[in-house]
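Please look over the structure shown below together with its sequence.

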Amino acid sequence: MNKTIRRASVFCLLMVLALLVRATWVQAYEARALADDEHNRRNTIAQYAQPLGDIIVAGSPVTGSKETDGGDLRYKRTYTRGELYAAVTGYSSQAYGATQLEGIYSKVLDGTDDRLKDPAAVLTGERAAPGQVLTTIDPDVQKAAFEALGDDRGAAVAMDPETGRILGMVSSPSYDPSGISGTADGDAWQKLLDDEDKPLVNRALRQPLPPGSTFKLVVASAALEDGLYGSVDEPTDSPDPYTLPGTTTVLSNENPSAPCENATLRTALQYSCNNVFAKVAADLGQDRLKAMADAFGFDTEKLDVPVRASESVYPTGMDKAQTALTGIGQFEVTATPLQMAMVSAALANGGELAAPHMVSRVTDGDGSTLQEFEDGDTERVVSKSTAEQLRSAMVTVVEEGTGTNARIDGAEVGGKTGTAQNGVDNSNTPYAWFTSYAKDESTGRQVAVAVVVEDSGAARSEVSGNGLAAPIARKMMKAALAG
């Protein structure tokens with residue numbers, strides 16, 4: 001064999017080996033990436049080739065599947081009372097993907113999760129029967145929140161303080177996920193995107209706002225835990241009016257005639273005295289306040305319920321005047337309704353915060369458990385004594401103070417109102433907040449609730465936590481206690 005033929009043969013052999021190596025690489029290592037590529041339409045066709053598994057509330061599905069009229073996507077998602085449960089389920093759309101529980105558990109719901117398959121099916125790639133997602137939502141609490149919020153822009157969360165189970169979660173305005181579940185829903189999708197009220201945003205989890213005076217519960221907790229004051233009934237060192245440290249700015253109280261000068265923490269919560277809590281915050285300093293806020297769940301980047309909640313923030317790098325303003329839930333303090341429900345829940349549960357969760361179990365098609373979320377996984381936030389004292393003060397707020405619209409006959413109810421500034425120099429409509437707990441001693445049932453009303457259309461002078469948010473919380477608490 002001459003040299004030219006030999007070289008050509010070697011070259012061809014090397015080319016064949018290169019092709020074999022490349023083919024092996026693609027099949028062995030890149031197959032999964034290609035299969036999972038978002039532009040691979042085969043995935044979408046396979047996903048909707050059979051009915052999806054369901055999301056369950058109190059034993060009944062709130063989702064379904066419907067056979068389409070044509071095309072290569074055989075089934076599409078449907079929702080029972082979609083607007084009511086949108087903040088829980090999210091959406092599963094043939095065109096726009098999936099969010100919330102629909103997105104997190106998409107592989108369980110469409111039957112592609114490997115946990116659903118027997119070993120042979122894993123090797124063959126055969127699709128298994130879809131699984132189900134069982135939620136902790138109480139339909140009566142959910143309905144009470146949805147109807148009470150009505151056309152108001154805002155959100156509400158209810159949770160069991162002892163177990164951490166989320167009993168209700170509503171964001172308003174809502175939307176019907178059925179309207180965007182197909183491939184020909186472009187107009188409906190664009191309308192949702194263009195809506196200035198942002199119905200696709202889950203305000204309960206994903207819209208941190210200034211919490212206003214509801215944050216005073218965190219400040220009071222820090223004052224007691226750090227020994228600044230020995231009890232909620234000890235007089236504080238709180239001049240009225242109070243001038244922010246290092247400034248000439250005088251901090252006023254909503255009720256000028258309230259007995260806020262040197263008031264006890266109980267009285268200061270009852271009348272929501274800004275001078276007291278601004279002074280307490282300045283005395284404690286930002287480091288101790290941040291430590292207490294973080295213990296309640298602020299500044300947690302990965303708060304998954306299992307949908308991830310946006311981070312609630314207690315700021316740092318402040319001067320003393322700015323620290324004082326954080327004492328009344330202003331400056332750069334932000335919180336989600338979930339976070340403020342967690343504050344009340346920890347105090348209601350003797351100072352221990354149970355991890356919030358809205359899924360109890362994930363099952364396969366036969367009902368066998370794939371994943372379970374245990375109740376009562378707790379961390380201590382404040383001492384039992386501090387929790388008892390603050391619950392007592394919260395009861396005073398509801399019985400004799402700014403939260404009277406939350407009273408429930410025959411139940412122990414404690415709460416804290418808040419009216420948070422919105423915009424430069426409070427130029428926009430303030431946010432109305434209420435966070436609370438309720439207990440029925442005869443049945444042992446209890447619940448913690450947080451409500452924020454961003455805009456109700458009410459006149460500015462009528463915006464208050466007691467006027468707008470407390471009645472919503474009351475209806476949710478009544479539903480939860482009724483069981």
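Leaving aside its neighbours within four places in sequence, which residues is Ser312 in contact with?

## Ser312 and its surroundings

In this predicted model, Ser312 is in contact with Phe298, Asp299, Thr334, Ala335, Thr336 and Gln339, once the neighbours within four places in sequence are set aside. The residue belongs to the loop that runs between strand 13 (308-309) and helix 14 (320-326), and its relative accessible area of 4% places Ser312 among the buried residues, because buried means under 20%. One of the contacting residues also takes part in a polar approach: a polar atom of the Ser312 side chain lies 3.1 Å from the backbone nitrogen of Thr336.

Asp299, which is in contact with Ser312, has a positive phi, near 60°, although Asp299 is a residue other than glycine. Its place is in the loop between helix 13 (286-296) and strand 12. Phe298, another contact of Ser312, is listed among the residues with the most contacts inside the largest nonpolar core.

## The nonpolar cores

The largest nonpolar core has 90 residues, and those with the most contacts inside it are Leu101, Phe277, Phe296, Phe298 and Leu338. Helix 15 supplies the largest share of this core, with 9 residues. Leu338 itself touches Val157, Ile166, Ala204, Leu205, Leu303, Val305, Ala309 and Pro356, when residues up to four places away in sequence are not counted. Apart from this core lies another, of 32 residues, which includes Phe434, Ile472, Met476 and Met477.

## Helix packing and a buried helix

Helix 15 (residues 337-348) packs against helix 16 (residues 384-400) at an angle of about 115°, and the two axes are 8 Å apart. On the helix 15 side the meeting residues are Ser344, Leu347 and Ala348, while helix 16 brings Ala387, Leu390, Arg391 and Met394. Sorted by class, this contact has 5 nonpolar, 1 polar and 1 charged residues.

Helix 10 is largely enclosed by the rest of the structure, because 9 of its 10 residues are buried. The buried residues of helix 10 are Lys216, Leu217, Val218, Val219, Ala220, Ser221, Ala222, Ala223 and Leu224. After helix 10 comes Gly227, with a positive phi near 80°.

Strand 1 (residues 55-57) and strand 2 run antiparallel and are joined by 2 bridges, with Val57 standing opposite Ser60 in strand 2.

## The antiparallel sheet and the helices across it

A second open sheet is described by the strand order 9-8-20-19-18, in which 5 strands pair in the antiparallel sense. Strand 9 (166-172) and strand 18 (412-420) are its edge strands, each with a single partner strand, so that one side of each is left without a neighbour in the sheet. With direction ignored, neighbouring strands of this sheet are turned by 10° against each other on average. Strand 18 and strand 19 (residues 431-439) run antiparallel and are joined by 9 bridges, and Gly414 stands opposite Tyr437 in strand 19.

Helix 16 lies across strand 18 and strand 19, and runs at about 75° to strand 18. Helix 17 (residues 465-482) lies across strand 8 (153-159), strand 9, strand 18, strand 19 and strand 20 (446-455), and runs at about 30° to strand 19.

## Backbone details to check

The peptide bond from Asp240 to Pro241 is cis, with omega near 10°, and Pro241 lies in the loop between helix 10 (216-225) and strand 10 (242-243). The peptide bond from Val305 to Pro306 is likewise cis, with omega near 5°, and Pro306 is found in the loop between strand 12 (303-304) and strand 13.

Gln100, which is not a glycine, has a positive phi of about 55°. Its place is in helix 4 (residues 100-104), and Gln100 is buried, with a relative accessible area of 15%.

How values were computed
Residues numbered from 1 in each chain as written. Predicted model: local features only at pLDDT ≥ 70, side-chain atom pairs only at ≥ 80, totals over all residues. Heavy atoms only, no water. Helix = DSSP H or I, 4+ residues; strand = E, 2+ residues; numbered from the N terminus. Buried < 20%, exposed > 50% of the residue type's maximum accessible area, 1.4 Å probe, protein only. Polar contact = N/O pair within 3.5 Å; in protein donor to acceptor, adjacent residues only side chain to side chain. Contact = heavy atoms within 4.5 Å. Axes fitted to C-alpha atoms, helices over the stretch in contact; angles between N-to-C directions. Nonpolar A, V, L, I, M, F, W, Y, C, P; charged D, E, K, R; others polar. Core = buried A, V, L, I, M, F, W, Y, C linked by side-chain atoms within 4.5 Å. Pairing = 2+ DSSP bridges.
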